[in-house]
Amino acid sequence: ESGEGKAKAERMFSLMDGFLKNDPISLQKDILDHVEYTVARSRFSFDDFEAYQAVSHSVRDRLIERWHDTHAYFKRKDPKRLYFFSLEFLMGRSLSNSVINLGVRDQYADALNQLGFEFEVLAEQEGDAAQGNGGLARLSACQMDSLATMDFPAWGYGLRYQYGLFRQVILDGFQHEQPDYWLNFGNPWEIERIHVSYAVKFYGTVEEQDLNGGKRKVWVPGEMVEAVAYDNPIPGYGTRNTINLRLWAAKPSDLYDMESYGTGDYINAVINRQKAETISSVLYPDDRSYQGKELRLKQQYFFVSASVQDIIRRFKDSLNDFNQFPEKVALQLNDTHPSLAIPEVMRVLVDEEFLSWKQAWDIVCKIFSCTTHTVVPEGLEKIPVDLLGSVLPRHLQIIFDINFSFMEELKKHFGLDFNRLSQMSIVEEGAVKSIRMANLSIVCCHTVNGVSRVHLDILKTKVFKDFYELWPQKFHYKTNGVTQRRWLVVSNPGLCGLISKWLGTDAWIRDMDLLMGLRDHAGDAELQQEWKMVRRINKIRLAEFIDAMTGMMVSPDAMFDVQIKRIHEYKRQLLNILGIIYRYDCIKNMKESDRRKVVPRVCIIGGKAAPGYDMAKKIIKLCHAVGETINNDSDIDDLLKLVFIPDFNVSVAELVIPGSDLSQHISTAGHEASGTGSMKFLMNGCLLLATADGATIEIIEEIGEDNMFLFGAKVHEVPKLREKAENHRVALQFARVLSQICLGWYVMATLAMRITSNLSVTLLKGVVTSIS
Ligand code: GLG
């Protein structure tokens, strides 16, 4: 800057003490200042939670410094920005992750020690930010960490739900859902930006107006809601790069409501305004099924519209030539949830920026790419045309226009192959005419991304076969990953220290490939001993947690055999439980001499079932019923235990994974697009019991079949097996056995099986063995 601006900047700078300092004394002063002035407690008397709040605010100050610098830097450089749109981010806790990425963890621990607090204890005070369901949402969070660490000029965009994923409470073995009003205790990791807000329109009509001799479409909305930005700084590790996750909250719009106040019904006018906030109030708790609900559609458009306005505003700040838009903007859609961004960008460019349809279309085709996380066609989003037309009338027109051009292109390519045309069309005819969001995404995106190699194969040969034949160059895969910052450094400090010691460097925290260096030491008895010690400490920690959550005492000497993930039929927690019943039955029938050879095992299962997913909820109940029988059987003693960990979330995973010996990833092959849990267990030195599905297929190639327990049918074998099983009597019998267990109490089922016939037990054994 020059002249007046420069003088002002210099004066401002002279008023600063420089960046915040990280020596123990400065940290203590900052923490105590926050106790006194932010938390408003006396610095002479505050508890662990208040200390956590103060520490978080002091860390937040440090994040903000870097975040400002990052913005200033990228504003000056003006590179192409990567915008990542996702309806879900499963961030978990932020304190430990932030201090580690900022490189000030030890300094904070020292400072707190001197104040009489322990860092770990304070970190435990933090709630778990669960703004997402499962793998897809945690992947978004891991990606933000990696983008920051790898110095990308990236932005995340999403929705700031007031209620995160429900809390799971178990009563009498049944799952009950409780709302997660996670903002109750404040959220120090976000910065409210009241001045960054945009009006988002809904409903209404589309009118035609004259413009320069031609016609233009004008959307006259029936409702307007204000989107207010909440920024969440995401620090990279070993870099100053601190990127932004901007989440939108819905607030009533002043623009829209003037009229209703004029009617004299002031109270109702205020109450109606309040309703606007419901758009961002609650996260939908289903991870794989699409329900076609109006609120969900409004959520999707709300966050997409605000984000697109924000991006265009930023672009126009530096340039005003939309031909250059693709040089400055890359827009990555996480699944089809944000795919309304495509017609929205078209609408803004054509209706508001007055670009020609062709110009706008060229831009759209260059900026969008998407990732799909789905394996089955039933999982794909379809929005009923009536619903879309009512909520977003202009977007429906735009989608129809895109589809019209696409159909014309298809006819040129394939001729009048109506079957193919109707399958590829963005519009699905039928009882309920719908918009296929995946088709829309594929038509408009330059890249369609699968999440593992086998997932891409399934997309190419089944789910999007026709599209692959048309545009093979669009289809790619990037096998999912997880960040070692969260899943090793934060969650397993013992192993982290050990690895750095044996590698002689901590550079692996940025570059995972360096872990390969451990191979040279793998046979070293001292390393093995240290490794066992670390595992043991983590198991003791996990046993204490299990005791606290369930009142059950388990021995850290036993093998911990773990399956934690969403409850789904395809993930086969049921198979795991059947295996446990089988094992129980075997032990009960064993001679004493054989029993002595059995390795004591604690089976641990955890996960939430979507509230409307009946079968998944029954599986949870079954797990508890089986556990009750096994755990109370003094004849079995400590040889077998079954624990269900309630309310599984990111923080629980951070505790369970480092303390696991064996983990199960046993989906029916061809059903898990990738799976990321296996990677977290693996990097913590846990063995896998797995089927050849999703990313596991690539893991097998990396670590070798000998280093894991692999079982079950391969992806290409499953359809034939299914066909066979359907025609087979055994399948019917198997279903009968299952239904006996599912419907009754396990005790009754066991009794029934014993009384009715030994055949059932033998059959069950046979089926379980043959599957496993
Ligand atoms: C999906 C899939 C998982 C995948 C994850 C992230 O089911 O297999 O690992 O996304 O790509 N719906 C999901 O959670």
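Predicted model: local features only at pLDDT ≥ 70, side-chain atom pairs only at ≥ 80, totals over all residues.
1. Overall make-up. The chain contains 32 helices and 24 strands. Its radius of gyration is 28 Å, close to the 28 Å given by the globule rule for 772 residues, so the chain is as compact as a globular protein of that length. Along the principal axes, the C-alpha atoms fill a box of roughly 95 × 75 × 60 Å. Of the 772 residues, 43% are buried. Among contacts with a separation of 6 or more, 73% are between residues 24 or more positions apart.

2. Domains. The domain assignment gives domain 1 (78-93 + 128-376 + 444-477) and domain 2 (532-727). Taken over C-alpha atoms, the centres of the two domains are separated by 35 Å. Domain 1 gives 30 residues to the contact, and domain 2 gives 27 residues.

3. The domain 1 side of that contact. Elements giving two or more residues to the side of domain 1 that touches domain 2 are β2 (89-92), α7 (135-149), β5 (163-171), β6 (174-181) and α18 (453-463). The largest share comes from β5, with five residues. By class, the residues on this side are twelve nonpolar, ten polar and eight charged.

4. The ligand shell. There are 15 residues around the ligand, and Gly135, Leu136, His373, Ala673 and Ser674 come nearest. The shell is made up of four nonpolar, eight polar and three charged residues. Both domain 1 and domain 2 give residues to the shell, so the ligand lies between them.

5. Helix α22. This helix covers residues 525-550. At 1.5 Å a residue, its 26 residues should span 38 Å, and the end C-alpha atoms are 37 Å apart, which agrees. The buried residues in α22 are Val534, Arg535, Asn538, Lys539, Leu542, Ala543 and Ile546. An α-helix has 3.6 residues a turn, so residues three or four places apart point the same way. The buried residues of α22 are covered by elements including α21 (493-503), β19 (559-564), β21 and α26. Just after the helix, Gly551 has a positive phi of about 75°.

6. Helix α15. Residues 393-414 form this helix, whose 22 residues should span 32 Å at 1.5 Å a residue; the end C-alpha atoms are 31 Å apart, which agrees. Buried in α15 are Arg394, His395, Leu396, Ile398, Ile399, Ile402 and Phe406. These buried residues pack against β8 (205-211), β9 (214-220), α12 (341-352), α14 (385-391), β16 (434-436) and α17 (437-444).

7. Asp78. This residue has a phi near 45°, a positive value in a residue other than glycine. Asp78 is in the loop between α3 (48-77) and β1 (81-85). With 15 other C-beta atoms within 10 Å, Asp78 is partly exposed.

8. Asp647. Although not a glycine, Asp647 has a positive phi of about 55°. Its loop runs between β21 (640-645) and α26 (650-656), and these two elements are also among those that cover the buried residues of α22. Asp647 is buried, because 21 other C-beta atoms lie within 10 Å and the cut-off for burial is 20 or more.

9. Leu421. Helix α16 (residues 418-424) holds Leu421. The residue is partly exposed, with 16 other C-beta atoms within 10 Å. Leaving aside neighbours within four places in sequence, Leu421 is in contact with Met407 and Leu410. Val652 is 231 residues from Leu421 along the chain, and the two C-alpha atoms are separated by 48 Å.

10. Glu192. Strand β7 (residues 191-202) includes Glu192. This residue counts as partly exposed, with 13 C-beta neighbours inside 10 Å. Between the C-alpha atoms of Glu192 and Glu530 the separation is 46 Å, and the two residues are 338 residues apart along the chain.

Note on methods: Residues numbered from 1 in each chain as written. Helix = DSSP H or I, 4+ residues; strand = E, 2+ residues; numbered from the N terminus. Buried ≥ 20, exposed ≤ 12 C-beta atoms within 10 Å, placed from the backbone. Expected span 1.5 Å × (residues − 1). Contact = placed C-beta atoms within 7 Å. Near = placed C-beta within 6 Å. Nonpolar A, V, L, I, M, F, W, Y, C, P; charged D, E, K, R; others polar. Domains from an automatic or database assignment. Rg over C-alpha atoms; globule rule 2.2 N^0.38 Å.
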